[in-house]
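Subject: Structure handover

Hello,

Here is the structure I said I would pass on to you. Please open it first, then read the notes below it.

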Amino acid sequence: MTPTPKTCALCSKFRAIIKRPKTGQQICKECFFFVFETEVHNTITEAKLFSRGDRVAIGASGGKDSTVLAHVMKALNERYGYGLDLYLLSIDEGITGYRDDSLETVKRNQQQYSMPLKILSYDELYGWTMDAIVSQIGKKNNCTFCGVFRRQALDRGAAMLKVDHIVTGHNADDIAETVLMNIMRGDIARLGRCTLICTEGEDTIKRSKPFKYAYEKEIVMYAYFKRLDYFSTECIYSPDAYRGHARTFLKDLESARPSAIIDIIHSGEAFEVKEEVRKGQKAQQTCRKCGYMSSNDLCKACTLLEGLEKGLAEARIIDVGGRTGSHEMPPEEPREVTKLDPS
Amino acid sequence: MPDSQPDSSHSDSNLSQNEPKIPLRVEFSGGLELLFSNQRSHRITLPSTVPHGDGTTKPTDITYLIDWLRRNLLKERAELFTDGATVRPGILVLVNDSDWELEGEGDYQLRPGDEIVFISTLHGG
Ligand SMILES: [Zn+2]
Ligand SMILES: [Zn+2]
């Protein structure tokens, strides 16, 4: 059973090479590149993500999503004249054999796309590499550290680059997975928020996800057919089994019905947090130690660092949502995102 | 993507000299190569027909290839490659640079010189 080659449903000229998961449409390589890029462009323009002259950092890990994002952002910026200044921003978590290799990929991307690259390490920001953290606390919960540190590191890197906006390669599958995780945790407040295409904190830089509606399958196919250079080794510390189960479940759903991914995102969007719920949350202040915005007296990163330095192996922030306690202490330092007091 | 390593050659030991054979090139990427001796490209040769239960045979298809790869080339963590008789969801398969979903998936009958690519989408972004 070898089916005869199918002709592209869009141009009726060339041989179809991909079946689109979203639509089932069978299209040729050139039409695929065009519709994939155009859909990202539509996502960007419909959400009015950028303004002319914006300085935009692409959070670049060397992996498939951010590599394709850098490629597509550059192409769209040129094709549609967005007028953006694009930068690559990478975080070096200090994971030997993983991040050091993927950073080599990012450095090649810097050449290929001729974009300025800024690399910031956990070591220089926090005085701890992930290798050191793991040797202290073990492999459990280290994703918590990494997640908190990375978010703050990206903001600091963005401040150093003086960018207005960080774009990340989160794709539709990632967002659907996060929706599932938030449902499983009963975290309704974050359920709606995690589907937002663009978020902006009190004094932080905008963050957005131009691939919000892009399927992982198409991102990987795009990278394959464009022969893009990306790094694909799993983080050696990734022990987040719970997320792994969510991902497997999602992939099973997708193979039964490809629209499941978009359907789940739409479900998350339907939970968009009402203003009254948000008012119950604490007002933002700044961290007394490092000046980063925080809903408590100490920001999440500094709290984790204190725990590490006290050698508290079990130091965990259960409520990363920041609804615990009543810290009334005013910030002692002015807001300054780029500085971190090492003391 | 760099492909610096040479191909490795394997052939099915059950293969007799006179039986028609199907030489294939198989490639793993997106992190899947880690399960296959960290080697991306492999040259293999399969028989053109394979047993299909009850003494019958069938033309060699991708379903057979997947099982053959699991039995002969896979070095670790089979559950990251297969799920039942097919690849684990999240692994993309291309037949001569075409999405296998357009080619009949596991039922695609292999032809000499075919190039089958397996790409994991499950590794980091
Ligand atoms: Zn076409
Ligand atoms: Zn702090």
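Which residues of chain A coordinate the zinc ion (ligand 1)? The donors are the SG atoms of A:Cys8, A:Cys11, A:Cys28 and A:Cys31, at 2.3 Å. Please keep in mind that this is a predicted model, so everything here was computed from predicted coordinates.

**The zinc ion (ligand 1)**

The site is tetrahedral, because the angles that its four donor atoms subtend run from 103 to 115°. For reference, the ideal angle for four tetrahedral donors is 109.5 degrees. Along the sequence, the donor residues follow the spacing C-x2-C-x16-C-x2-C. A:Cys8 counts as buried because its relative accessibility is 2%. A:Cys11 has 24%, so A:Cys11 counts as partly exposed; the cut-off for buried is under 20%.

**The zinc ion (ligand 2)**

The zinc ion (ligand 2) is coordinated by the SG atoms of A:Cys287, A:Cys290, A:Cys299 and A:Cys302, at 2.2 to 2.3 Å. Its four donor atoms make angles of 107 to 114°, and the site is tetrahedral. The spacing of the donor residues in sequence is C-x2-C-x8-C-x2-C. A:Cys287 sits in the loop between strands S9 (285–286) and S10 (293–294) of chain A, while A:Cys302 belongs to helix H13 (residues 300–309), so this pair ties together parts that are 15 residues apart in sequence. A:Cys287 and A:Cys302 are both buried. A:Cys299 is buried too, because its relative accessibility is 1%.

**Helix H1 of chain A**

One of the donors of the zinc ion (ligand 1), A:Cys31, is also among the buried residues of H1(A). This helix covers residues 29–46, which is 18 residues. From its first C-alpha to its last it reaches 26 Å, close to the 26 Å expected at 1.5 Å a residue. Other buried residues in H1(A) include A:Phe32, A:Phe33, A:Val35, A:Phe36, A:Val40 and A:Ile44. When you look at such a list, remember that residues three or four places apart in an α-helix point the same way, because there are 3.6 residues a turn.

What covers the buried residues of H1(A)? The cover includes strands S1 (18–19) and S2 (26–27), together with helices H2 (64–79) and H9 (216–225), in chain A. After H1(A) comes A:Lys48, which has a positive phi, near 45°.

**Positions annotated in UniProt**

An unreviewed UniProt entry gives the feature "binding site" at A:Gly59, A:Ala60, A:Ser61, A:Asp65, A:Ile91, A:Gly169 and A:Asp174. I looked further at two of these positions.

A:Ile91 is part of strand S4 (residues 85–92) in chain A. Is A:Ile91 buried or exposed? A:Ile91 counts as buried, because its relative accessibility is 7%. Leaving aside residues up to four places away in sequence, A:Ile91 touches A:Arg99, A:Leu120, A:Tyr122, A:Arg150, A:Ala153 and A:Leu154.

A:Gly169 is in the loop that runs between strand S6 (165–167) and helix H7 (172–185) of chain A. Its relative accessibility is 10%, so A:Gly169 also counts as buried.

**Positive phi values**

A:Ser12 has a phi near 55°, a positive value, and is found in the segment before S1 of chain A. A:Ser12 counts as exposed because its relative accessibility is 54%. B:Asn38 has a positive phi as well, near 55°, and lies in the loop between strands S2 (21–29) and S3 (41–47) of chain B. B:Asn38 has a relative accessible area of 41%, so B:Asn38 is partly exposed.

**Chain A as a whole**

Chain A contains 13 helices and ten strands. It has 343 residues, of which 51% count as buried. Among its contacts between residues at least 6 apart in sequence, 72% join residues at least 24 apart.

Regards

Technical notes:
Residues are numbered from 1 along each chain as its sequence is written. Chains are lettered from A and ligands numbered from 1 in the order in which they are written. This is a predicted model: local features need pLDDT of at least 70, side-chain atom pairs count only at pLDDT 80 or more; totals for chains, interfaces and linings use all residues. Side-chain values use heavy atoms; hydrogens and water are left out. UniProt positions are given in the numbering used here, feature names are shortened, and annotations may be inferred rather than shown by experiment. Helices (H or I, at least four residues) and strands (E, at least two) are DSSP runs, numbered from the N terminus. Buried means under 20% relative accessible area, exposed over 50%, partly exposed in between (1.4 Å probe, protein chains only). Contact means heavy atoms within 4.5 Å. The expected span of a helix is 1.5 Å times one less than its number of residues. Donors are N, O and S atoms within 2.8 Å of the metal (3.2 Å for Na, K and Ca); water is not among the atoms, so sites may look incomplete. Four donors count as tetrahedral if all angles lie between 85 and 135 degrees; four count as square planar and six as octahedral if opposite donors are over 155 degrees apart and all others between 65 and 115; anything else is irregular.
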